Amino acid sequence: MLPRTPVYRWLGVAFFITLVFFFHPNLSGTAIISDSLAPASYAPVPGHDDLTWVKEVLKNYSIGSEVTYASRIIKYIPDQPERKSITEIDHELIPQQFQDVNMKRISTLPAGTPVEVHLKKSMRPDDVDASALIFGVSTTYERFSSPETSPVGEWRRWLTDGQGHSNGAGLVLQLYNATDEEVGSATATLISVGINVTVVHANPKLDMPGRYVALVDLVYNHPSRDSRKYFALIDDDTFFPALAELQRTLSRYNPAKTYYIGTFTERGEWLLRDHAAFGFGGGGIFLTASMAKKIVEAPCLEGAKVPGPDGTEIWKYNLNADQGDRLLFNCITNYTDIRLSYLPRLHQIDQFGDLSGFYENGDQPLSLHHYKSWHHFNVEKMHVVADACGEDCVLQRFQFKDNYIISNGYSVAHYPQGIDFDPLQAEDTFENFAPIHDVDLAYSMGAQRPCLSFTGKKASWQLLDSRAEGPGTVRQIYVKHRSDPKYFKKGEDGPKDDSVLVLLWTP
């Protein structure tokens, strides 16, 4: 104990005041957050070797050891009433410059500092109860088992809790031209990751359109029918990034009534060409029970054999369609009075090339499609961040003072000359597939702002990999390739090294 003298008393008071100002946020009750000091709560997650993982990922993608590197800790605070298309953050994303790093020579990664973002609280995959849904899909065992086309990883993201247990949704998988052993193998694979699945042989007498329509019978007559509200038909490359939001949106369609729900292609010219407002199957088609019953009872698959182009006999449907979703539409419009209930947040994504204009537009899609064929994007890795900040923050945008915009799970874009455009408009990055393609896409994408590729006005780090690192914590790796010419002016030399940005999302 200090002696009770005035000098020691004043020394004690001074020491106490120093402690208060050093440790207390401030006297107004508002925390002073420094971009240069990371609190102890942001220490590396125990049991996760960040450097080893980053090295392995870069090696797997043939990225050299010499890179420019930056990292940031994103502390998400779920206190907002709604999901915004874009949220402005009053801090810089990269408060310090990217550092030159040789991955072979360092023993630890340069530490990131924390910055807060505010967002809406939403469900993580392990919160979702999807028992009201059952999905039907038709494919081949070759596509199912091939590393290039297998849907198992993506299905695991939205048909399970991510921990090896079903989220309640049902899946009926119809395999065409498969052996009993292949049906058994597919069943075992899907059950092992927690998917509630029924795998069956496809009717060998049916062609592709017929097999698609036959899915209605399979999902409607599934033993779990009485517990289902919506019966869905999908392609093997259809992905649902926000299953809770999907169910909330579907709830506006009373399951006791008759509904045929889906979306159109983004290509207006195709709608005009086909003279039919039918639901495109890749975006997902949802039926209520009474709608499915009407289809099952209708003679949708009746037809006759006719000579084909090469002289061999082919089956021609009375309803005259060469695609499954069109045959389904023809059946519904010929035998019922029901018409499509248009749900534009389902997405067919009938575009080629650079899909940044879609994935960076800030909207929350209810379905994605064609990500392994018409364009290439790893939606499984994109979706991992839902394990942290919830499904609503997937593809949500955050704009920082230094002109960086995170499109969460897709990219981190930098606009070195400033953001002098309307970010609520989609960037026109799409392949020019029609003479007036911007008009062709206008009804689905709105008026688009000019593309910034090859102008030097935009640089983008694309998602390379992501992993969960504990409750509510996810680490992402984004990379900007030095050889990608889109991010500098034509005729200019690009950077000498690839650039790596690591984001850690944590509560």
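Author: Let's start with the link of Cys-389 and Cys-393: it is right-handed, with 60° about the S-S bond. Their sulfur atoms sit 1.9 Å apart, and a disulfide here is a pair of cysteine sulfur atoms within 2.5 Å. Cys-389 and Cys-393 are both buried, meaning under 20% relative accessible area, where exposed is over 50% and partly exposed is in between (1.4 Å probe, protein chains only).

Bear in mind that this is a predicted model, where local features need pLDDT of at least 70, side-chain atom pairs count only at pLDDT 80 or more, and totals for chains, interfaces and linings use all residues. Residues are numbered from 1 along each chain as its sequence is written, and side-chain values use heavy atoms, with hydrogens and water left out.

By the sulfur rule, the count comes to two disulfides. The other pair is Cys-300 and Cys-331, with sulfur atoms 1.9 Å apart. Here the torsion about the S-S bond is about -40°, so this disulfide is left-handed. Cys-300 lies in the loop between α9 (289–297) and β12 (303–307), while Cys-331 is in helix α10 (residues 324–335), so the pair ties together parts 31 residues apart in sequence. Those helices (H or I, at least four residues) and strands (E, at least two) are DSSP runs, numbered from the N terminus. Cys-300 and Cys-331 are buried, too.

Number the bonded cysteines of the chain in sequence order, and the pairing reads 1-2, 3-4. As for Cys-451, it counts as partly exposed, at 30% relative accessibility.
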